[in-house]
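Work through the exercises below with the model in view. Try each task before you read its solution.

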Amino acid sequence: MRFQDAARDARAVVYAGIQADPAVARTASLLADATPVQRLLARAVMNGESIDPTGWRTMFPTLFGSSATGDAAELARSEAILEASLAVADRGDQVRSQVRGALIEEVTAQLLAKRVGADAVRRERRILFDGVPAEIHPYDVTVERAGAAEAYDCKWGARGINADVLHQLDDARTHARDEDERLSVALVVFDAQRSCDVRLDRQTAPHDGTTLFSLETLDALAGPGA
Amino acid sequence: MSAETIRDALDRALDAYTVLSELGEGIEDEWSYVNDLTDAWRTRFDEVLVRHGDDDASDETSQAIDQAIDEIQRIEDPHRAIDWLSTFPQIVLVAVGARP
């Protein structure tokens, strides 16, 4: 089993520009440290129609209202997430979609880096196995460590879970096992566990060996149990 | 406090949720997913109603739910509606102090 940079086709070049946008890294950093409700705020605003911050503050009284914690740092983070999310929402649909995809990948990378160190975390990588044709699509995020490699596919919403991605992850896991290598595979979905479960229940593609990290459990990426 | 209960507020949210799901059903390939998804979230709403339906809703809670309803009523794209079939119930449940 070995890792390789993905081919730099036209799509990859355009997407690399989105990934390199400083606003993506800044917003991802906010979300990596956020609470589940703050992450829900980001998801809602970036999926939303309106760009009036007052309405969003009203919608989240536990972040901005009298039922908020009263912690000034938490309020400041909520405000920063709202502002950053509105900046994404204010862009055209196609760019908005690309930015959201890049964001969840960057959040994943930042959380993983807390556990394994930034040097081990790579983006847009292929995993090659002897005698197995390479997959067309690279993995969004990989952790490349001898004896404890990991591969992640990141989705903005539960609807992004499909047979292709489940097969790709499970195939990689089983091919690694065939080579006596250990490769943990996982989906990271910026959506509720309940919605992901509904989507997964409908899939016949193998996914018992694939871990799911949802909006509620993202922090586990940074923990020892990931 | 507002004059309504959690049940009043959630009933209003569920009515709007029904309209949103009908919009999402416009994507034929996702018809059954849309229905499974809405069933799952309605089940969660029902659980909250059983435990907290008769509790008073604060003004903030009622306003939060009304604002969320206003947001989904702006949606015209069925793909975006499907995204919100997951997002909307989470916002409503958080607003009433329940775990999504």
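**Exercise 1: The build of chain B**

Task: Why does the radius of gyration of chain B agree with that of a compact globule?

Solution: Start with the length. Chain B has 100 residues, so a compact globule would have a radius of gyration near 13 Å. Next, take the value for chain B in this predicted model. Chain B has 13 Å, which agrees.

Now look at the extents. The C-alpha trace of chain B spans about 45 × 25 × 20 Å along its principal axes.

Then turn to burial. A residue is buried if 20 or more other C-beta atoms lie within 10 Å of its own. In chain B, 46% of the 100 residues count as buried.

**Exercise 2: Elements and contacts of chain B**

Task: List the elements of chain B from the N terminus on. Then find what share of its contacts with a separation of 6 or more joins residues 24 or more positions apart.

Solution: Chain B has four helices and zero strands. Written from the N terminus on, the order is α-α-α-α. For the contacts of chain B with a separation of 6 or more, the share from residues 24 or more positions apart is 82%.

**Exercise 3: Two domains in chain A**

Solution: Domain 1 covers 2-7 + 104-222, and domain 2 covers 10-97. Their centres, taken over C-alpha atoms, are 24 Å apart. Second, count the contact residues. Domain 1 of chain A gives 11 residues, and domain 2 of chain A gives 11 residues. Third, examine the side of domain 1 that touches domain 2. Helix α7 (residues 93-116) of chain A supplies its largest share, four residues. By class, this side of domain 1 has seven nonpolar, one polar and three charged residues.

Methods:
Residues numbered from 1 in each chain as written. Chains lettered and ligands numbered in written order. Predicted model: local features only at pLDDT ≥ 70, side-chain atom pairs only at ≥ 80, totals over all residues. Domains from an automatic or database assignment. Contact = placed C-beta atoms within 7 Å. Helix = DSSP H or I, 4+ residues; strand = E, 2+ residues; numbered from the N terminus. Nonpolar A, V, L, I, M, F, W, Y, C, P; charged D, E, K, R; others polar. Rg over C-alpha atoms; globule rule 2.2 N^0.38 Å. Buried ≥ 20, exposed ≤ 12 C-beta atoms within 10 Å, placed from the backbone.
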